[in-house]
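Please work through the exercises below with the sequence and the model open beside you, and try each task before reading its solution.

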Amino acid sequence: MPRIVLTIFFAAFFISVNGQRRIDILHYKFNIDLNDVNDTIYGKAEILVKFLQPVSAELVLDLSRLNEQGRGMIADKAEPASVIKMIHAGDSLRLLIKKPYGSGDTARFVIYYHGIPADGLIISKNKYGKRTFFADNWPNRGHNWIPCHDDPADKAGVEFIVTAPQHYQVVANGIEVEESNLKGNLKRTHWKEDVPISTKVMVIGVAEFAVSLSGVVDNCIPVYSWVYPEEREKGFYDYAQAAEILPFFIKHIGPYPYKKLANVESKTRFGGLENANTIFYSENSITGGRESESLLVHEIAHQWFGNMATEKSFAHLWLSEGFATYMTTLYMENKYGTGNAVKLLQEDRDQLIDYTKTSNRSVVDQTTRYMELLNPNSYQKGGWVLHMLRRELGDSVFWKGIRSYYATYAGKTADTDDLRKIFETVSGKKLEPFFRQWLFTPGIPVLDISWTYQASKKNISVTVTQKKGLFEFPLELLLQETETTV
């Protein structure tokens, strides 16, 4: 994964000393104009804000300003008239307001802006040399092209109204409510998502696409494939597996939370990006041999874990990535048998062991270098923690806990302690030591095992020493006698 530098602005307006948010974004409506002449975008953002605490001076939003290369956004105008001045510096846009707002008040602000995105909206050419526009907001890169509160804990409904040359198709979160041809060989496409989602999974994709209905799940959830026309047959075949995957999670976790699922070939920098109901996959994900099945499973699992039940902060990213990793293992176990799941777990274990040789960080990690959280702690170790929890509690209690966790936090945010409390309730067991040592303590057990055999007593003495840390866990030893021939 390419290395990038992220500049993160923590506005005092958003987060008080004790971490409580002062505003709640209820809805975004973005009008985005794109063209084929240059990479400049023109935007109009309508933002519905609920004030959680009294405010008398300013509203601060995340929006990147021009950098030294001339890339970034320029804020042109703000409404309503109560906005008396805009101050745009770094990654923040301050709206100075003359009207005070009390706790619980709501207000709608409109910002007109333009610029060439430095990040977040990737304007480039696909592998066939055709111009494309793909949002790539994760983790907090959305503010490079849209004014927003770029925090996973602040969820909002979103609309994208994209005006672009007619030769493009546009896909985005939610359902399509309009597609109209306009004068000047332009087309207006309007997508609307009413289920609140984080900015990290808000998305548009604008390209020349071939589109197929892969199937309809539960008679109400259409599953689509959006691929480059040059890979129409292979792409439709590969991505059609999504319609087979969706029912597994509906059965085992809970209802699918959105009105459609689109699987989209894209220019994302990641292998897959779990944008809410509009998943982006890399250009190399299509082979015509369905070799990306596990990738599809992983990203679809995110629709429940990460998108609907969302981590309160990136420190608890394992609640998204660890869950998607283990849910993939469980799906493969269900479809292909226990042997396949064991193989996946062994591969995950080996990657984690290698990682811990050079890292001494815990799974719950407070770093603000969010890209560094894409590591085996968040994925493989998070998945293994769920597997160990399953073995500790049994399948029935484990699945009851998973369903209870999702039912409790769907549409909300949670942290690791919230998950622990759910499992303690359904199991009747105290799980604080388990969660503390596997998720809040760095590293994994490292054992030195030695043995001696006393022939006269026919006795074997085994000594097990923990060389690093102090972990409490069950340990089984296999003693196997071998015959020696002379």
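Two strands count as paired if DSSP finds at least two bridges between them. The model is a predicted one, and that definition of pairing is applied to it in the first two exercises.

**Exercise 1. In what order do the 3 strands of the open sheet lie, and which are the edge strands?**

Step 1. The 3 strands follow the order β3-β6-β5 and pair in the antiparallel sense, forming an open sheet.
Step 2. The edge strands, each of which pairs on one side only, are β3 (58-62) and β5 (83-89).
Step 3. From one strand to the next, the twist averages 20°.
Step 4. Looking at one pairing in detail, β3 is joined to strand β6 (residues 92-97) by 5 bridges in the antiparallel sense, and within this pairing Glu58 has Leu96 of β6 as its bridge partner.

**Exercise 2. Identify the strands that pair with β9, and decide how far β9 is covered.**

Step 1. Strand β8 (residues 121-125) pairs with β9 over 5 bridges, running antiparallel, and Leu121 finds its bridge partner in Ala135 of β9.
Step 2. The two strands β8 and β9 make a hairpin with 5 residues between them, and in the turn Gly129 has a positive phi of about 80°.
Step 3. Strand β14 (residues 204-207) is also antiparallel to β9, to which 2 bridges join it; here the bridge partner of Phe133 is Val206 in β14.
Step 4. Of the 5 residues of strand β9 (residues 131-135), 4 are buried, and therefore β9 is largely enclosed by the rest of the structure.

**Exercise 3. For helices α2 and α3, find how many residues are buried and list them.**

Step 1. A residue is taken as buried when its relative accessible area is under 20%.
Step 2. In helix α2 (residues 242-252), 8 of the 11 residues are buried, which leaves the helix mostly covered; they are Ala242, Ala243, Ile245, Leu246, Phe248, Phe249, Ile250 and His252.
Step 3. In helix α3 (residues 293-301), 7 of the 9 residues are buried, so α3 is largely enclosed by the rest of the structure; the buried residues are Glu293, Leu296, Val297, His298, Glu299, Ile300 and Ala301.

**Exercise 4. Describe how helix α8 packs against helix α9, from the geometry down to the residues.**

Step 1. Helix α8 (residues 416-427) and helix α9 (residues 432-440) pack with their axes 10 Å apart, at an angle of about 145°.
Step 2. The crossing in which α8 passes α9 is right-handed.
Step 3. On the α8 side, Thr416, Asp417, Leu419, Arg420 and Glu424 take part, and they meet Glu432, Phe435, Leu439 and Phe440 of α9.
Step 4. Sorted by class, the residues in this contact are 4 nonpolar, 1 polar and 4 charged.

**Exercise 5. Is Asn377 buried or exposed, and which residues does Asn377 touch?**

Step 1. Asn377 lies in helix α6 (residues 377-393).
Step 2. Because its relative accessible area is 3%, Asn377 is buried.
Step 3. Leaving aside residues up to four places away in sequence, Asn377 touches Leu352, Tyr355, Arg361, Ser362, Val363 and Gly382.

**Exercise 6. How many disulfides does the structure hold, and are Cys148 and Cys220 buried or exposed?**

Step 1. A disulfide is a covalent bond between the sulfur atoms of two cysteines.
Step 2. The structure holds 0 disulfides.
Step 3. Cys148 is buried because its relative accessible area is 0%, whereas Cys220, with a relative accessible area of 52%, is exposed.

Methods: Residues numbered from 1 in each chain as written. Predicted model: local features only at pLDDT ≥ 70, side-chain atom pairs only at ≥ 80, totals over all residues. Heavy atoms only, no water. Buried < 20%, exposed > 50% of the residue type's maximum accessible area, 1.4 Å probe, protein only. Contact = heavy atoms within 4.5 Å. Axes fitted to C-alpha atoms, helices over the stretch in contact; angles between N-to-C directions. Left-handed = near helix turned anticlockwise from the far one by under 90°. Nonpolar A, V, L, I, M, F, W, Y, C, P; charged D, E, K, R; others polar. Disulfide = S-S within 2.5 Å.
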